[in-house]
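Hi everyone, thanks for coming. Have the sequence and the model open while I talk, and let's walk through it together.

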Amino acid sequence: MRARASRTRPSDTRPPTPSATRTAPRRTTATDSTPAPTDATPSALAEAGTAPRVPAQGSRPAVIPQPLPTDLFADLLVAVLSGHRPVHSMLRHTRGRAYDELAWLAERGPLRTRGARPVVRDIGYYEPRPGAIEAFARIGAGDRLRAMAFRLELGRDRRWRCTAVELGGPRPPRPEAG
């Protein structure tokens with residue numbers, strides 16, 4: 001016959017939880033007509049009205065904050081102007097002359113720095129009309145602080161597109177109307 005090996009467990013050093021402890025019956029007053037529970041299980045506490053009122057998990061839908069289009073476009077534009085993304089990655093995000101302006105600016109590499117990657121420090125915007133945003137961003141590039149301005153317009157397909165980009169410094173040449 002085989003002997004059973006005895007198992008040992010470490011002693012439980014955790015503090016007692018409300019569900020594991022028993023409480024004495026509470027005193028009833030003349031206005032209290034509900035009997036007090038003799039054990040402190042969560043269901044008994046809930047029935048007695050002494051359980052902490054915590055909303056159930058999943059009782060309300062989780063709200064995930066969505067980034068503003070100004071934040072997204074500022075990051076995309078900084079990545080292109082610093083050389084970390086190719087200019088053609090902005091083709092579907094631009095409209096009109098904005099792509100030409102962005103390509104002209106990216107050729108000159110105004111935000112290319114040695115060492116630290118350029119970072120968007122602050123963003124502000126103004127809505128001149130519904131569906132249009134004129135934004136500015138302060139960009140930390142190395143030990144310099146640069147300014148960038150851009151305009152976003154909401155298309156019929158409900159997608160934001162960049163329609164103008166400017167960075168401090170020389171501007172791209174405008175073609176002569178002929």
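Let's start with H3: its buried residues pack against H2 and E4. Those buried residues are Ala98, Glu101, Leu102, Trp104, Leu105 and Ala106. By buried I mean under 20% relative accessible area, while exposed is over 50% and partly exposed is in between, using a 1.4 Å probe and protein chains only. Helices (H or I, at least four residues) and strands (E, at least two) are DSSP runs, numbered from the N terminus.

Before going on, a word on what we're looking at. This is a predicted model, where local features need pLDDT of at least 70 and side-chain atom pairs count only at pLDDT 80 or more, but totals for chains, interfaces and linings use all residues. Residues are numbered from 1 along each chain as its sequence is written, and side-chain values use heavy atoms, with hydrogens and water left out.

Okay, the overall layout. There are three helices and four strands, and along the sequence they run α-α-α-β-β-β-β. Of the 178 residues, 28% count as buried.

So what does the largest nonpolar core look like? It has 26 residues, and those with the most contacts inside it are Leu77, Leu81, Met148, Phe150 and Cys162. H2, H3, E2, E3 and E4 each supply at least two residues of this core, and H2 gives the largest share, seven residues. A nonpolar core here is a set of buried Ala, Val, Leu, Ile, Met, Phe, Trp, Tyr and Cys residues joined through side-chain atoms within 4.5 Å. In soluble globular proteins, nonpolar side chains tend to be buried together.

Take Met148 as an example. Leaving aside neighbours within four places in sequence, Met148 is in contact (heavy atoms within 4.5 Å) with residues including Leu77, Leu81, Phe136 and Leu167.

Now look at either end of H3. Gly96 sits in the loop between H2 (69-81) and H3 (98-108), and Gly96 is exposed, at 62% relative accessible area. The C-alpha atoms of Gly96 and Ala164 are 8.1 Å apart, though 68 residues separate them along the chain. Just after H3, Gly109 has a positive phi of about 55°.

Last, how far does the predictor trust all this? pLDDT is its confidence in each residue, from 0 to 100. The chain averages 76, and 61% of the residues score at least 70. Confidence is highest in strand E1 (residues 119-129), at a mean of 93, and lowest in helix H1 (residues 42-48), at 56. Over residues 20-28, pLDDT stays under 50.

Key. pLDDT = per-residue confidence, 0-100.
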